[in-house]
Amino acid sequence: MTELEPITRAQTQSPSYVTCTDCGLAHDYRPIAVGEIALCQRCEAVLYRNRPHMVQMALALTLTGLILFILSNAFPLLGLSARGLMQEITLIGAGVAFWQQGYPVLAVLLLLTIVIFPLFELLSQLWILLSLQRHWPPEPAIFLFRWIHELKPWGMLEVFMLGMLVSVVKLGEMATLIVGPALWSFAFLILTMAVTSATLDDFSVWSQLKRCDGKNDESV
Ligand SMILES: [Zn+2]
């Protein structure tokens, strides 16, 4: 691990400095060896990493995430059996059910936060990583990477999963619940997206995108 020198006021016009997102201290950028991590000198937060094969790893995780997303939407999440009647529910079916029961705002919110935003994140990530790997023009990737950060707080997969687990416990007392294959793929999707976020270092992605854009960015 490497602790960088804080940047002085006179140096802040330099294009090669990095600001700590946790405490705001600016540091002079210094290239680091493969496998090393640059830390903030004030709060020791991670500033950037030089992770080998970052793009390839993130690409494999994103493709896995897309497959899990398709499985999560194609199969039932839960089945409920009571008095000889069997009812199954899918992710999109849950939104449709809210709409049909007179809760259009809830239905739209559910579909946006559970289906549309996570799908946008996965597809955008795929485009960004392919752009980096195949040296495509970076402008669309820069636009998408900005929007991923704007929309990330609105992705509510974990909240939805927690709500589902609570319902499983509550409804389990009243009827027989059958856990559908989509529930497992949904749980693995949350895990895969979290690992992808941890693998993709924002500073390195921005540096590589700007380098493709022809800007003189010598980072990582
Ligand atoms: Zn800091």
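Predicted model: local features only at pLDDT ≥ 70, side-chain atom pairs only at ≥ 80, totals over all residues.
Student: How many bridges join strand 6 to strand 7, and in which direction do the two strands run?

Tutor: Strand 6, residues 78-82, is joined to strand 7 by five bridges, and the two run antiparallel.

Student: What is the strand order of the open sheet?

Tutor: The order is 7-6-8, so written for an open sheet of three strands with antiparallel pairing. Strand 7 (85-89) and strand 8 (176-179) are the edge strands, each pairing on one side only. With direction ignored, neighbouring strands of this sheet are turned by 20 degrees against each other on average.

Student: Let us turn to the helices. What describes two packed helices?

Tutor: The description consists of the angle between their axes and the distance between the axes. Here, helix 2 (residues 91-100) packs with helix 3 (residues 104-134) at an angle of about 165 degrees, and their axes are 7 Å apart.

Student: Are helix 2 and helix 3 roughly parallel or roughly antiparallel?

Tutor: Angles over 145 degrees count as roughly antiparallel; helix 2 and helix 3 are therefore roughly antiparallel to each other. Their crossing is left-handed.

Student: Which residues make the contact?

Tutor: Helix 2 contributes Leu91, Ile92, Ala94, Gly95, Phe98 and Trp99, while helix 3 contributes Pro104, Leu106, Ala107, Leu110, Leu111, Ile114 and Val115.

Student: How do the residues of this contact divide into nonpolar, polar and charged?

Tutor: In the contact of helix 2 with helix 3, 12 residues are nonpolar, one is polar and none is charged.

Terms used
Residues numbered from 1 in each chain as written. Axes fitted to C-alpha atoms, helices over the stretch in contact; angles between N-to-C directions. Helix = DSSP H or I, 4+ residues; strand = E, 2+ residues; numbered from the N terminus. Parallel < 35°, antiparallel > 145°, perpendicular 65-115°, else oblique. Left-handed = near helix turned anticlockwise from the far one by under 90°. Contact = placed C-beta atoms within 7 Å. Nonpolar A, V, L, I, M, F, W, Y, C, P; charged D, E, K, R; others polar.
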